[in-house]
Amino acid sequence: MQKQRTITLIAILLTWLTLHGCAINSPSIFHQKAKTVNQQSNKSVSSYKEDINATLSYLSKKSKKKEPLEKKDFDFLERACSIGIAQACFILGNMYKDGLGVSKDYKKAIELFSKACNSGLAEGCFNLGFMYENGLGVSKDYKKAAELYSKACNSGDAEGCTYLGTMYKDGLVS
């Protein structure tokens with residue numbers, strides 16, 4: 001199962017790199033990389049994971065700057081999210097929350113932040129808490145927001161800690 005997930009991740013990354021004209025400029029290089037995956041060692045898998053994380057970091061920075069992503073970026077994120085990559089779900093959630101390159105859709109953003117949060121991504125929990133605190137796509141629910149901020153805070157998200165503290169200070173939860 002893990003090997004298949006890794007191979008799928010690598011295929012997604014290679015597709016993204018190809019679409020962006022990076023690294024892969026001939027079919028022989030693609031086949032060589034695919035062959036390496038099939039004969040993978042832990043080092044080659046971790047190397048690909050680093051590439052995937054770097055790609056997600058790049059797309060996350062674009063998203064945070066409110067720069068619309070290209071369709072190929074969006075497709076990469078959708079595929080990565082569909083196989084459980086929490087960071088991809090989080091970035092897509094932000095796109096739907098802010099209407100970056102897609103129509104603003106709070107319900108879809110909530111679905112994606114939930115997936116990211118349930119996969120253990122603190123930022124996903126924080127953003128989901130923000131949606132509940134502010135009634136974006138859901139009824140305002142301070143108790144649920146506080147639970148999500150607490151989960152984010154306990155996972156090391158400083159904003160989650162700050163927002164949870166503010167909710168207590170303002171008397172929104174007890």
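Tutor: Residues are numbered from 1 along each chain as its sequence is written. In this predicted model, local features need pLDDT of at least 70 and side-chain atom pairs count only at pLDDT 80 or more, while totals for chains, interfaces and linings use all residues, and side-chain values use heavy atoms, with hydrogens and water left out.

Student: How many helices and strands are there in the chain?

Tutor: There are 9 helices and 0 strands. Those are DSSP runs (helices: H or I, at least four residues; strands: E, at least two), numbered from the N terminus.

Student: What does pLDDT say about the chain?

Tutor: pLDDT is the predictor's confidence in each residue, from 0 to 100. The chain averages 79, and 71% of the residues score at least 70. Over residues 18-43, though, pLDDT stays under 50.

Student: Asn-127 is in which helix, and why does Asn-127 count as buried?

Tutor: Asn-127 belongs to helix H7, residues 122-134. Buried means under 20% relative accessible area, exposed over 50%, and partly exposed in between, using a 1.4 Å probe and protein chains only. Asn-127 has 11% relative accessibility, so the label is buried.

Student: Which residues is Asn-127 in contact with, leaving aside neighbours within four places in sequence?

Tutor: Asn-127 touches Phe-90, Asn-94, Lys-97 and Phe-113. Contact here means heavy atoms within 4.5 Å.

Student: What makes H7 largely enclosed by the rest of the structure?

Tutor: Count the burial: 10 of the 13 residues in H7 are buried, so the helix is largely enclosed. Among them are Ala-122, Gly-124, Phe-126 and Tyr-132. The cover over the buried residues includes helix H5 (86-98), helix H6 (106-118), helix H8 (142-154) and helix H9 (158-169).

Student: How do you know that the span of H7 agrees with what 13 residues should give?

Tutor: The expected span is 1.5 Å times one less than the number of residues. For the 13 residues of H7 that should be 18 Å, and the end C-alpha atoms are 18 Å apart, so the two agree.

Student: What comes just after H7?

Tutor: Gly-135 does, with a positive phi of about 65°.

Student: How many aromatic pairs does the structure hold?

Tutor: The structure has 6 of them. Rings of Phe, Tyr and Trp (its six-membered ring) pair if their centres lie within 6.5 Å; planes under 30 degrees apart count as stacked, over 60 as edge-to-face and the rest as tilted.

Student: Why is the pair of Phe-130 and Tyr-163 called edge-to-face?

Tutor: The centres are 6.4 Å apart, with 65° between the planes.

Student: Why do Phe-130 and Tyr-163 count as partly exposed?

Tutor: Phe-130 has 26% relative accessibility, so partly exposed is the label. Tyr-163, at 29%, also counts as partly exposed.

Student: How do you know that Lys-144 lies over the face of Tyr-132?

Tutor: A charge sits over a ring if NZ of Lys or CZ of Arg is within 6 Å of the ring centre and within 35 degrees of the ring normal. Lys-144 lies over the face at 5.9 Å from the ring centre of Tyr-132.
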